[in-house]
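Let's walk through this structure together, one part at a time. Please have the sequence and the model open as you read.

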Amino acid sequence: MTRNEAIARGLTTYNTGKPCKRGHHSERYVSTHNCAECLRERQRAASPNTVEVVFPSFPAEYVAELRAYGEALRLTAAMRQAAANAG
Ligand SMILES: [Zn+2]
């Protein structure tokens, strides 16, 4: 299915039948074009110190990328919290 077909049917996800750049055969989000499995990996990576445990076979540069993404998420959350506390 193409993204346009999914839009025409009012779906939020679609599956092209082709792997994403990470090799996942997963559905993609109409709104963001993102692979759902890539998103799940990033969400898991947002937990501190879990990347190597969850993804022991990942290439080092991808682990570093996931770690950086998780760090950015935590920083954003911390900044939001600080802003809320500042009132
Ligand atoms: Zn993917």
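Start with helix α2 (residues 36-45) and helix α4 (residues 60-86): their axes come within 8 Å and cross at roughly 65°. The axes here are lines fitted to C-alpha atoms, for helices over the stretch in contact, and angles run from 0 to 180 degrees between N-to-C directions. Helices (H or I, at least four residues) and strands (E, at least two) are DSSP runs, numbered from the N terminus. α2 and α4 are therefore roughly perpendicular to each other; angles of 65 to 115 degrees count as roughly perpendicular, under 35 as roughly parallel, over 145 as roughly antiparallel and the rest as oblique.

Which residues make the contact? From α2 come Glu 41, Arg 42 and Ala 45, and from α4 come Leu 66, Arg 67, Tyr 69 and Gly 70. Two residues are in contact if their C-beta atoms, placed from the backbone, lie within 7 Å. By type, the residues of this contact of α2 with α4 divide into three nonpolar, one polar and three charged. In that grouping Ala, Val, Leu, Ile, Met, Phe, Trp, Tyr, Cys and Pro count as nonpolar, Asp, Glu, Lys and Arg as charged, and the others, Gly among them, as polar.

**The chain and its confidence**

Keep in mind that this is a predicted model, in which local features need pLDDT of at least 70, side-chain atom pairs count only at pLDDT 80 or more, and totals for chains, interfaces and linings use all residues. Residues are numbered from 1 along each chain as its sequence is written.

Stepping back, the protein chain has four helices and two strands, and along the sequence they follow the pattern α-β-β-α-α-α. The mean pLDDT (the predictor's confidence in each residue, from 0 to 100) of the chain is 83, and 86% of its residues reach 70 or more. Among the elements, strand β1 (residues 13-14) has the highest mean pLDDT, 96, while helix α3 (residues 51-54) has the lowest, 57. Where pLDDT is low, the predicted coordinates should not be read in detail.

Of the 87 residues of the chain, 8% count as buried. A residue is buried if 20 or more other C-beta atoms lie within 10 Å of its own, exposed if 12 or fewer, and partly exposed in between.

**Three residues to look at**

Now find Arg 3, which sits in helix α1 (residues 3-9). Arg 3 is partly exposed, with 15 other C-beta atoms within 10 Å. Leaving aside neighbours within four places in sequence, Arg 3 is in contact with Tyr 14 and Val 30. Val 30 is 27 residues from Arg 3 in sequence, yet their C-alpha atoms are 6.2 Å apart.

Next, go to the loop between β2 (28-29) and α2, where you will find His 33. Its phi is near 70°, a positive value in a residue other than glycine. Is His 33 buried or exposed? With 10 C-beta neighbours inside 10 Å, His 33 counts as exposed.

Asn 34 also lies in the loop between β2 and α2. Asn 34 is partly exposed, with 13 other C-beta atoms within 10 Å. Beyond its neighbours within four places in sequence, Asn 34 is in contact with Arg 28, Tyr 29 and Leu 39.
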